[in-house]
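Biologist: Hello! Could you walk me through this model, one question at a time?

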Amino acid sequence: SRAGAGTCVELESLAVKCILIPLPNAPGDHQRLNASGLVDSGTGVILSQAALNPDALFEQVESMLSNDEVNEPNSFHNEAKRRIASYLIETYLLSN
């Protein structure tokens, strides 16, 4: 997700794991500052847009999911995570 103030407040209140991709041209780098609170609380990670690619996003998703109790190693799940990461990047980040 981007790291606007509203988004970060909602994510913080729900205490859900999240990957934050701050808008690189946000005034005063405020989205990165917003995201740092979630990183400090242990629920968020920051992935810069410049470093964003399907492999980097997959690695972050995999890292978060590998810590979940319901995660089971399965090549089908790995392929699904790759496809989801690619779709999110192509649809929401590269289209802008």
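Biologist: Let us begin with Gln31: is Gln31 buried or exposed?

Modeller: Gln31 has a relative accessible area of 9%. Buried means under 20% relative accessible area, exposed over 50%, and partly exposed in between, with a 1.4 Å probe and protein chains only. Gln31 therefore counts as buried.

Biologist: Thanks! Before we go on, what should I know about the model itself?

Modeller: It is a predicted model, in which local features need pLDDT of at least 70 and side-chain atom pairs count only at pLDDT 80 or more, while totals for chains, interfaces and linings use all residues. Residues are numbered from 1 along each chain as its sequence is written, and side-chain values use heavy atoms, with hydrogens and water left out.

Biologist: Which residues is Gln31 in contact with, leaving aside its neighbours within four places in sequence?

Modeller: Gln31 sits in helix α2, residues 30–41; helices (H or I, at least four residues) and strands (E, at least two) are DSSP runs, numbered from the N terminus. Contact means heavy atoms within 4.5 Å. With neighbours within four places set aside, the partners of Gln31 are Arg2, Ala3, Gly4, Ile21, Pro22, Leu23 and Ala26.

Biologist: In what order do the elements of the protein run?

Modeller: The protein has 4 helices and 2 strands. Read from the N terminus on, the order is α-β-α-β-α-α.

Biologist: Which side chains meet in a salt bridge?

Modeller: A salt bridge is a side-chain nitrogen of Lys or Arg within 4 Å of a carboxyl oxygen of Asp or Glu, and a search of the whole structure finds 1. Asp29 is partly exposed at 34% relative accessible area, and Arg32 is partly exposed at 32%. At 3.7 Å, N to O, the pair is Asp29 and Arg32.

Biologist: Now the loop between α2 and β2: is Gly42 buried or exposed?

Modeller: Gly42 and Thr43 both lie in the loop between α2 and β2. Thr43 is buried, because its relative accessible area is 15%, and Thr43 touches Ala15, Val16, Lys17, Cys18, Leu38 and Met64, not counting residues up to four places away in sequence. Gly42, at 61% relative accessible area, is exposed.

Biologist: How many residues does the largest nonpolar core have?

Modeller: A nonpolar core is a set of buried Ala, Val, Leu, Ile, Met, Phe, Trp, Tyr and Cys residues joined through side-chain atoms within 4.5 Å. The members of the largest one are Ile19, Ile21, Leu47, Leu52, Ala56, Leu57, Met64, Ala85, Ile89 and Leu93. Helices α3 (54–66) and α4 are the elements that give two or more residues to this core. The core has 10 residues.

Biologist: And how many residues are in the second, separate core?

Modeller: Cys8, Leu11, Leu20 and Leu38 are among them. This second core has 7 residues.

Biologist: Which residues make the nonpolar surface patch of about 430 Å²?

Modeller: Patches are made of residues with over 30% relative accessible area and no salt bridge: like charges are joined within 9 Å, nonpolar side chains (Val, Leu, Ile, Met, Phe, Trp, Tyr) within 5 Å. Accessible areas come from the Shrake-Rupley method with a 1.4 Å probe; for residues, only the protein chains shown count as cover. Leu88, in helix α4 (residues 75–93), is partly exposed because its relative accessibility is 36%. The patch is made by Ile84, Tyr87, Leu88 and Tyr92.
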